[in-house]
Amino acid sequence: MSKMKAQNQRSRQIPLCEIYNPDTRRAERVRALLPDEESLHDTARVLKACADPARVKILYALGESELCVCELAHLLGLSMPTVSYHLRILDQAKLIEYRKQGRLVFYRLRDECLTQRVQQLVELFRKDRSPEQPQILQESQITEQPILRR
């Protein structure tokens with residue numbers, strides 16, 4: 001990303017309400033639906049671990065097949081120490097697990113449902129998706145929906 005483009009994104013103003021007049025009933029209904037703090041912390045830790053394109057690529061690749069560190073390094077075009085760094089972050093987030101086979105170490109996703117979730121996220125943001133694939137809603141397409149209790 002160019003330096004100028006990065007500056008423009010940082011300086012872009014986010015629209016705010018012009019007056020402070022919250023619907024406290026709606027806010028309290030939403031508060032009752034929020035997960036506990038520990039779950040939110042764990043979710044933030046996982047999202048932070050996924051906040052690097054190399055780690056997303058590792059997760060995507062491991063969703064396709066169990067791979068050893070050397071295969072991941074070759075696939076990503078990165079050094080083994082760099083791949084190791086990324087694997088450590090994914091391991092700390094409890095997204096991957098490994099097994100040793102002789103002198104090789106093979107990694108795989110810790111949970112099968114991660115494969116589908118990672119693929120869905122990548123597809124959601126792909127630039128070349130076909131019309132039948134999900135699209136991100138533009139602001140003009142978003143309408144306020146009533147909040148439903150579960």
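The structure is a predicted model, in which local features need pLDDT of at least 70, side-chain atom pairs count only at pLDDT 80 or more, and totals for chains, interfaces and linings use all residues. Residues are numbered from 1 along each chain as its sequence is written, and side-chain values use heavy atoms, with hydrogens and water left out.

Helix α4 spans residues 53–64 and helix α6 residues 80–92; helices are DSSP runs (H or I, at least four residues) and strands are too (E, at least two), numbered from the N terminus. The axes of α4 and α6 come within 10 Å and cross at roughly 75°, the axes being lines fitted to C-alpha atoms, for helices over the stretch in contact, with angles from 0 to 180 degrees between N-to-C directions. Therefore α4 is roughly perpendicular to α6 (65 to 115 degrees). From α4, Ala 54, Arg 55, Ile 58 and Leu 59 meet Tyr 85, His 86, Leu 87, Ile 89 and Leu 90 of α6.

Next comes Leu 72, which lies in helix α5 (residues 69–76). Leu 72 counts as buried because its relative accessibility is 0% (buried means under 20% relative accessible area, with a 1.4 Å probe and protein chains only). Beyond residues up to four places away in sequence, Leu 72 touches Ile 58, Ala 61, Leu 62, Leu 67, Val 83 and Leu 87, where contact means heavy atoms within 4.5 Å. Phe 106 is 34 residues from Leu 72 in sequence, yet their C-alpha atoms are 9.7 Å apart in space.

Technical notes: Angles under 35 degrees count as roughly parallel, over 145 as roughly antiparallel, 65 to 115 as roughly perpendicular and the rest as oblique. Buried means under 20% relative accessible area, exposed over 50%, partly exposed in between (1.4 Å probe, protein chains only).
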